[in-house]
Amino acid sequence: MIVDQHAAHERLVYERMKAQMADGAVTRQALLTPEVVELDPAEAERVAAKAEELAEMGLIVEAFGAGAVLVRETPALLGDTDVQGLIRDIADDLSEHGAALSLKERLAEVCGTMACHGSVRSGRVLSAPEMNALLRQMEATPHSGQCNHGRPTYVELKLHDLEKLFGRR
């Protein structure tokens, strides 16, 4: 078996992040200074009206005057995120679709991106215990045969395949 350590670790990180979201235990990160996001008054009202739903996804917002919302916490899995851009995208989505579903989809995409950037880099030499831990985690993780981009995380070569590579068959 040949394992693409980056792709395999990426899938493991992604699945952990998804599980955290599914358990409703999205870890939130309090902002040192709450961020005020200026919006059109109607947009601000729509975002504030979805505050409870957004809180379930780890985003704590509240109305802040007629044309703004105050963001106190963000999902920790987003890391250092562009709060202004995130809230504006949510406001746009709410205006177009009337629901915060696109935020859930956005978080799933962000999970994938973060998993990619937070994974073992290709070419990094893993120690034997690290390799073993990666393989054991792959055995216990659903969908570990593919990274979240759809590429295989490992390939299996049979003796016959190896013999062909060396011109023996």
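Predicted model: local features only at pLDDT ≥ 70, side-chain atom pairs only at ≥ 80, totals over all residues.
In which strand is V155 found?

**Entry 1**

I located V155 in strand β5, which spans residues 154-155.

I next asked which residues make the nonpolar surface patch. I recorded I2, V155, L157, L159, L162, L165 and F166, with an area of about 710 Å² for the patch. Helix α7, residues 159-165, gives the largest share of this patch, namely 3 residues.

**Entry 1: M131 and helix α6**

I turned to M131 and found this residue in helix α6, which covers residues 128-140. Is M131 buried or partly exposed? I read a relative accessible area of 42%, so M131 is partly exposed.

I also checked the separation of M131 from V3. These two residues stand 128 residues apart in sequence, yet I noted a C-alpha to C-alpha distance of 9.6 Å in space.

**Entry 2: packing of α1 and α6**

I stayed with α6 and examined how helix α1, residues 5-22, packs with it. The angle between the two helices is about 50°, and their axes are 10 Å apart. Angles from 65 to 115 degrees count as roughly perpendicular and those under 35 as roughly parallel; α1 and α6 are therefore oblique to each other.

**Entry 3: S95 and helix α4**

I looked up S95 and placed this residue in helix α4, which runs over residues 83-97. Its relative accessibility is 42%, so I listed S95 as partly exposed.

I then took the pair S95 and V47, which lie 48 residues apart along the chain. I noted 9.3 Å between their C-alpha atoms.

**Entry 4: the chain as a whole**

How many helices and strands does the secondary structure comprise? I recorded 7 helices and 5 strands. Read from the N terminus, the order of the elements is β-α-β-α-α-β-β-α-α-α-β-α. Finally, I noted the burial: the chain has 169 residues, and 35% of them count as buried.

Note on methods:
Residues numbered from 1 in each chain as written. Heavy atoms only, no water. Patch = residues over 30% accessible without salt bridge, like charges linked within 9 Å, V, L, I, M, F, W, Y side chains within 5 Å. Areas by Shrake-Rupley, 256 points an atom, 1.4 Å probe, with all protein chains shown as cover. Salt bridge = Lys/Arg side-chain N within 4 Å of Asp/Glu carboxyl O. Helix = DSSP H or I, 4+ residues; strand = E, 2+ residues; numbered from the N terminus. Buried < 20%, exposed > 50% of the residue type's maximum accessible area, 1.4 Å probe, protein only. Axes fitted to C-alpha atoms, helices over the stretch in contact; angles between N-to-C directions. Parallel < 35°, antiparallel > 145°, perpendicular 65-115°, else oblique.
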